[in-house]
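Student: I am new to this structure and would like a close look at one part of it. Could you take me slowly through a single sheet and what surrounds it?

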Amino acid sequence: MKSFQREVNAVTVIAAREVVRFFRDWRESLVFSFLFPVLFLGVLGGNIAQNLTGSLSYNYLQFALLGMIANTLAMTTMMSVASLVEDRQNDFTQEFFVAPISRYSIITGKIIGGSITSGLQLFAFVIVAIAMKISLTPLAILCIILLAPVICLSGGALGVLITSVFSSTPKAADQGVILVAFSQMFLSGAIIPINNSSGVLGILARIMPMTYLVDLLRGLVYQGTPFYSKIVLYNPLIHLAAVTAFSVAFFVVGTFLFVRGERNR
Amino acid sequence: MKRLSENSRLINQENLKENKLDTGFSIIHVSKLVKKYRKTEKAAVDNISFDVYAGELFAFLGPNGAGKTTTISILTTTLAKSSGKVIIAGNDLDSQAKEIRQDIGIIFQNPSLDLNLTAEENIRLHVSLYGIYAYKPLYRLMPKEYKDQIIGLADFLGIREDLFKPLKTFSGGMRRKLEIIRSLMHKPKILFLDEPTQGLDAVSRKSLWDYLRRVGREQETTIFLTTHYIEEAEYADRVCIINHGKIVFLGTPSEMKNRLIDKYLVLDAENRSALGSELEPFQPEAKGDGKIKVHFKQQTPQQILCRIRTPLTFMEVHTPTLEEAYVDLVEEKDEKKVLA
């Protein structure tokens, strides 16, 4: 097998492992996949919509649905990448690190595997949205499906960076992911509009990678609607440039730091 | 003890410089290797040098914390060294780590298996990572060669029936066997075994050794082994003992026994003075209980006994075991450390 073929094969098998592991405990996976949208969209989103969004000229639940989808896809992939620390705890990373493959292939496989498993999360969100009668046009669903891989890959790249920083124990890695994921959820406009955010909150909102992912998704879904200017912050091209830049940077720096941390003890 | 220490020192120097097999070429070359962990003052591996020759079974021994696993981790590219030079199968560790990984197989001290997968899935993952076979999501889609190879190995190690069961149901011994199958799937030039028989019962240990010897012979695989079981070093072509990060012995198991430990006869007779006179050429020593101790190195016990006419009332031949030789070496090093 040629070098490139071997790397592709390695990425495939590492991604497949994530999927097999995810579906091996399919009951828990299914329950949690549906529990999350029910809690965040049904309970949190529903309460905000009923009590705090009277002055909004657009459908808040649709707005929140898109934000939560982007946030959840990114977070699920981040969690999957963070499981590298759990693998290390169980001595399984040794198997990866002695294999004659690039370290980037290992991380890429993890991200792709996590992205595939987060597809179930997307499916659960769409089902819950339909059940809650949140308007989702076929075009909107198509935009979500098309952008989902980009969101997952970006989330995975951020996950690599977080994992490289919080890599001491699986607990530290999970807490790191949760800390970053929730900060992003509240600051990026995933749940709460940030069009009028200013000062420190405004700055934080604009340095959150999630802001650009969420806004990119909304930019595509709300394109051509009367609410576009009220909801979307920047042009989708700006978002794409920002998302590509931070994803590549996080992936390269995160992988470098993680591998260095593994070898330079 | 002084004489033994002197012997050890001379032998060590001689071995460290010259010891090599006549037939093999150096497949692992380690020169002035140092590893100092972060936030520690002492080096875990302290300027060690040795060669392992192609096709040999090389045993790397030492007490807990001696530097065995650190060394094996560096050689298998999972741990960065602080300084030194390592060449494995002609590839430089600094610039050709990936090529090195292609040539080696490893059985780690702690099993590195995914307990959420079945035994076969773990192996399929391994062969795909090594690029031996293209990954297929199902066993039945894998090529016939893969199936034959895995079934053959599983048959030999007696885990064929469990191949498709989740690893969670496997005992420690079965997991070890699975790791052995996995490490041999890509036919490595060098097989690193970090305490491979740890946790195995005597029968499993024996079957593992039978298999490893067969692999070494048939596939000409070089085996680099660390172990706590000293008797396992008897199987080795050469033994290297590391203690406190430094090599204290490098040589064959018989050299270890013959040259480092006293071999002696303990004799007694009713007429001890007559016996003592007859043994005079062999520089006898009186033991605390009055019996006579005669060291032998060049001679055999029979050659000494032939000289004796005095009727004996007691005779004991003390020949060292490998374990005694090992303990002697390690303790000697520790004593030196305390004195220093």
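Tutor: Before we turn to the sheet, one term is needed: two strands count as paired if DSSP finds at least two bridges between them. Please also keep in mind that this is a predicted model.

The part to look at belongs to chain B, which has 11 helices and 14 strands, and in which buried residues make up 40% of the 340 residues. There you will find an open sheet of four strands, in the order β2-β1-β4-β5 of chain B, with antiparallel pairing. β2 (45-53) and β5 (91-92) of chain B stand at its edges, and each has a single partner strand, so one side of each is left without a neighbour in the sheet.

If you follow β1 of chain B, residues 26-35, you will see that its pairing with β2(B) is antiparallel and extends over seven bridges; within this stretch, B:H29 stands opposite B:D51, which belongs to β2(B). In general, strands of a sheet pair through backbone hydrogen bonds, either parallel or antiparallel.

Now look for α2 of chain B, the helix of residues 68-75, which lies across β1, β2 and β4 (83-88) of chain B and runs at about 120° to β1(B).

To place this part in the whole chain, note that the domain assignment of chain B gives domain 1 as 2-258 and domain 2 as 262-319, and that the centres of these two domains of chain B, taken over C-alpha atoms, are separated by 44 Å.

Note on methods
Residues are numbered from 1 along each chain as its sequence is written. Chains are lettered from A and ligands numbered from 1 in the order in which they are written. This is a predicted model: local features need pLDDT of at least 70, side-chain atom pairs count only at pLDDT 80 or more; totals for chains, interfaces and linings use all residues. Helices (H or I, at least four residues) and strands (E, at least two) are DSSP runs, numbered from the N terminus. A residue is buried if 20 or more other C-beta atoms lie within 10 Å of its own, exposed if 12 or fewer, and partly exposed in between; C-beta atoms are placed from the backbone. Domain bounds come from an automatic or database domain assignment. Two residues are in contact if their C-beta atoms, placed from the backbone, lie within 7 Å. Axes are lines fitted to C-alpha atoms, for helices over the stretch in contact, and angles run from 0 to 180 degrees between N-to-C directions.
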